[in-house]
Amino acid sequence: MATVQMKVSPEDLSQVPHGSERVPSPGIMVIFGASGDLTKRKLLPALFHLEQVGLLPKQFAIVGVARRPLGDEFAADMREGIVEFGGVDASDPRLESFIQKVSYYALSFDDAAGYGGLKAELDRIATEKGIGPDRLFYLATAPEYFTPIVENLGIQGMAQPEHGRVGVVIEKPFGHDLNSARELNQQVNAVFHESQVFRIDHYLGKETVQNILVFRFANGIFEPIWNRNYIDHVQITAAETLGVEGRGPFYEKAGALRDVVQNHVMELLSFVAMEPPSSFEADSVRREKVKVWRAIPPVPVLNAVRGQYGPGVVDGQKVVGYRDEERVNPQSGTETFAAVRLSVDNWRWAGVPFYLRAGKRLKKRATEISIQFKQPPLLIFNRMQMAAHCQEIQPNLLTIRIQPDEGIALRFGAKVPSAPEMSVCPVNMDFDYAAAFGTSSANGYERLLLDAMLGDQTLFAHRDGVETTWGLYTPILQAWAAKEPEVFPNYFAGTWGPDCADRLLEQGGHKWRNNLGK
Ligand code: BG6
C-alpha cells in the first residue's frame with residue numbers, strides 16, 4: 001500500500017516549551033521492592049533521564065528498600081541498569097553524581113518495628129543533604145506487601161505531610177478482582193487521602209497513549225465523525241511476541257485478562273471513547289474515563305474467549321508451549337490470550353462493537369487501535385474497476401500505533417494514476433513519531449514519576465475507575481475459574497491466537513485486523 005509521510009519542521013519544534021516549571025521541589029523517593037527488576041530496568045533509567053534533562057531537583061535522594069542486606073552493591077547495580085536499560089554511555093559524567101543520590105535500606109516489609117529505623121534514616125538523609133519534607137513512596141513489591149507497607153507508613157506518621165507533599169505510588173496488579181481491589185482501596189485510603197494515591201498503569205505514560213487525547217481534542221476535524229454515525233467498529237490489540245519470561249508463578253495467578261485487558265487495554269478504550277473533558281485536570285479527565293467504563297453493560301461470558309499457547313515458532317525461533325515454561329503447572333488452565341466483545345452504551349457509541357484482545361507469543365509485537373469507518377453510502381466504483389494489484393474497496397481505517405513504529409495512519413482510497421478507468425487503490429497517510437520528531441518516545445515511567453512527584457494525578461487510576469473495570473471482568477474471571485478450558489493449548493505460538501477469537505468477530509460480520517504495524 002502506498003504511504004505518504006509527514007514531518008514536523010525544526011521551526012515548529014523550536015516553538016515547543018520545554019517546561020522548567022515542571023521541576024518538583026526537593027524530596028526523597030523511597031522505592032520498596034528495590035531489588036526487583038522494575039527498579040533496575042525502568043525506574044532508575046527513567047529517573048536518570050529526568051536528571052539529564054534537568055527535571056529533577058538538585059536536592060534529591062532515592063532510597064531503595066528491600067529485605068536483602070545490600071550495601072554499596074545496590075548503587076553499583078543501579079548504575080549498571082541505567083547503562084544497560086537506559087541506553088546511557090557508562091562514561092557520562094552525570095551518572096557519577098546521580099549515583100551519589102542513591103542509597104539502600106534493608107527492611108522486611110512486614111517488620112512493623114523496622115519502619116521507625118527507616119523514618120530515622122530518611123530524616124538523616126534529608127538533614128545531611130538539605131532536602132525538604134516531600135516524600136514519594138513507590139511500592140514496587142509483590143502485591144501482598146502493599147497493605148503492610150501502607151499501614152506501617154501510617155503508624156510511623158510518614159504518610160501525613162507535615163509541610164511538604166507526600167504521595168504513594170502503587171504498581172499493578174491493583175487487586176485481582178472486584179472485592180480484593182475494594183479492600184485494597186479501603187486499606188490504602190485509611191492511611192493516605194485519595195489525592196495522595198498514584199495507582200500506576202505504565203501505558204498512561206506512553207507518549208502515543210497521551211497523544212490519543214491530543215489527536216482527538218486538539219484537532220477539530222476528527223471529533224465530528226468520532227461517533228456511531230461514522231464509525232463501524234473499534235479494535236484494540238495488545239499483542240506480544242514474548243512469553244512469560246520467567247514470571248511463571250506471577251502469571252499463573254494472573255492470566256491475560258487480569259494482566260493486560262483489565263488495565264492497559266481498558267485505559268486505551270477509555271481514551272478512544274471518552275467525551276472531551278472540560279480541562280486536562282486530573283478530576284475532569286478521570287471523571288470522563290469512569291463514565292465510559294460505567295456505560296459498558298455487563299459483558300456476557302460468551303462474549304469473552306480465552307486461549308493458551310502451545311509450542312511454535314516466534315520470530316524464527318522455536319519456543320516451548322506455556323505449560324512447558326519454567327515454574328508453570330504442566331496442566332495449567334491459565335489463559336495467555338483473551339479477547340472480548342463489548343459495547344459502550346451511550347449516545348456516542350450505541351451499536352458500535354468494541355473488540356479487545358491481548359495475548360502472549362503472538363505473531364507480531366504490536367499494540368494498536370483501529371477505528372474502522374463505515375463504507376460510503378453508495379459505492380459508485382465497483383469491483384470491476386479495481387486496479388489489478390488492489391483488493392476490494394476498503395472502508396476508511398484510522399490506525400493508532402501505540403508501539404512499536406509509533407504513529408497514526410489513515411487509509412483511504414485513491415485513484416490509480418494512468419489507469420484507463422477509475423481504478424481505486426487503498427493508500428495510507430502516515431504520521432510516524434520517530435520520523436516526524438526525530439526522537440523515540442520515553443519508556444513511560446519518566447512522565448509518570450515526574451507527575452507523581454509533582455502531585456499531578458491526571459495519568460493515574462482513580463479508585464472508582466479501578467473498581468469499575470474490575471467489576472466488568474470479575475464475572476468472566478469467575479466463570480472461567482469455575483470451568484476448566486477444554487482444549488488448552490488452543491493456539492500455536494507465533495500465530496494470531498485461537499480460532500474462537502476469530503469467531504467472536506465473525507458473529508458481528510467483522511475480522512481481526514492482523515496486518516499490524518507499518
Ligand atoms: C505488564 C504486564 O503490565 O505489561 C506484562 O504485566 C506485559 O505481562 C507488559 O508484558 C506489556 O507492557 P509493554 O509496555 O511492553 O506493552
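**Exercise 1. Helices α11 and α14**

Task: In the predicted model above, state the hand of the crossing in which α11 passes α14, then describe how the two helices pack.

Solution. 
1. The crossing in which α11 passes α14 is left-handed.
2. A pair of packed helices is described by two values, the angle between the axes and the distance between them.
3. For α11 (residues 282-294) and α14, the angle is about 15° and the axes are 9 Å apart.
4. Angles under 35 degrees count as roughly parallel, so α11 is roughly parallel to α14.
5. On the α11 side, the residues that meet α14 are Val290, Trp293 and Arg294. Their partners in α14 are Asp464, Gly465, Thr468, Thr469 and Leu472.
6. Sorted by class, the residues of this contact are three nonpolar, three polar and two charged.

**Exercise 2. Helices α7 and α14**

Task: Decide whether α7 and α14 are roughly parallel or roughly antiparallel, and list the residues through which they meet.

Solution. 
1. The axes of α7 and α14 (residues 463-482) cross at roughly 165° and come within 8 Å.
2. Angles over 145 degrees count as roughly antiparallel, and α7 and α14 are therefore roughly antiparallel to each other.
3. The crossing of α7 past α14 is left-handed.
4. From α7, the contact uses Leu178, Ala181, Arg182, Asn185, Gln186 and Asn189. From α14, it uses Arg463, Val466, Glu467, Trp470, Gly471 and Thr474.
5. By class, this contact of α7 with α14 holds four nonpolar, five polar and three charged residues.

**Exercise 3. Helices α6 and α7**

Task: Repeat the analysis for α6 and α7, and say how many charged residues their contact has.

Solution. 
1. α6 covers residues 146-155 and α7 covers residues 178-189. Their axes come within 9 Å, crossing at roughly 15°.
2. This angle makes α6 and α7 roughly parallel to each other.
3. α6 goes past α7 in a left-handed crossing.
4. Phe146, Thr147 and Val150 of α6 meet Leu184, Gln187 and Val188 of α7.
5. The contact of α6 with α7 has no charged residues; its members are four nonpolar and two polar.

**Exercise 4. The two domains**

Solution. 
1. The chain divides into domain 1 (18-200) and domain 2 (204-506).
2. Between the C-alpha centres of domain 1 and domain 2 there are 31 Å.
3. Domain 1 brings 38 residues into contact with 29 residues of domain 2.
4. Accessible area lost when parts come together is often used to give the size of an interface.

**Exercise 5. Backbone details in loops**

Task: Which residues does the cis peptide bond at proline 173 join, which does the one at proline 489 join, and where is aspartate 315?

Solution. 
1. Lysine 172 and proline 173 are joined by a cis peptide bond, with omega about 5°. Proline 173 sits in the loop between β6 (166-170) and α7.
2. Phenylalanine 488 and proline 489 are joined by a cis peptide bond, with omega about -10°. Proline 489 belongs to the loop between α14 and β18 (491-493).
3. Aspartate 315 is in the loop between β10 (309-314) and β11 (317-319). Although aspartate 315 is not a glycine, its phi is positive, about 50°.

Technical notes
Residues are numbered from 1 along each chain as its sequence is written. This is a predicted model: local features need pLDDT of at least 70, side-chain atom pairs count only at pLDDT 80 or more; totals for chains, interfaces and linings use all residues. Side-chain values use heavy atoms; hydrogens and water are left out. Axes are lines fitted to C-alpha atoms, for helices over the stretch in contact, and angles run from 0 to 180 degrees between N-to-C directions. Helices (H or I, at least four residues) and strands (E, at least two) are DSSP runs, numbered from the N terminus. Angles under 35 degrees count as roughly parallel, over 145 as roughly antiparallel, 65 to 115 as roughly perpendicular and the rest as oblique. A crossing is left-handed if the near helix is turned anticlockwise from the far one by less than a right angle, and right-handed if clockwise. Contact means heavy atoms within 4.5 Å. Ala, Val, Leu, Ile, Met, Phe, Trp, Tyr, Cys and Pro count as nonpolar, Asp, Glu, Lys and Arg as charged, and the others, Gly among them, as polar. Domain bounds come from an automatic or database domain assignment.
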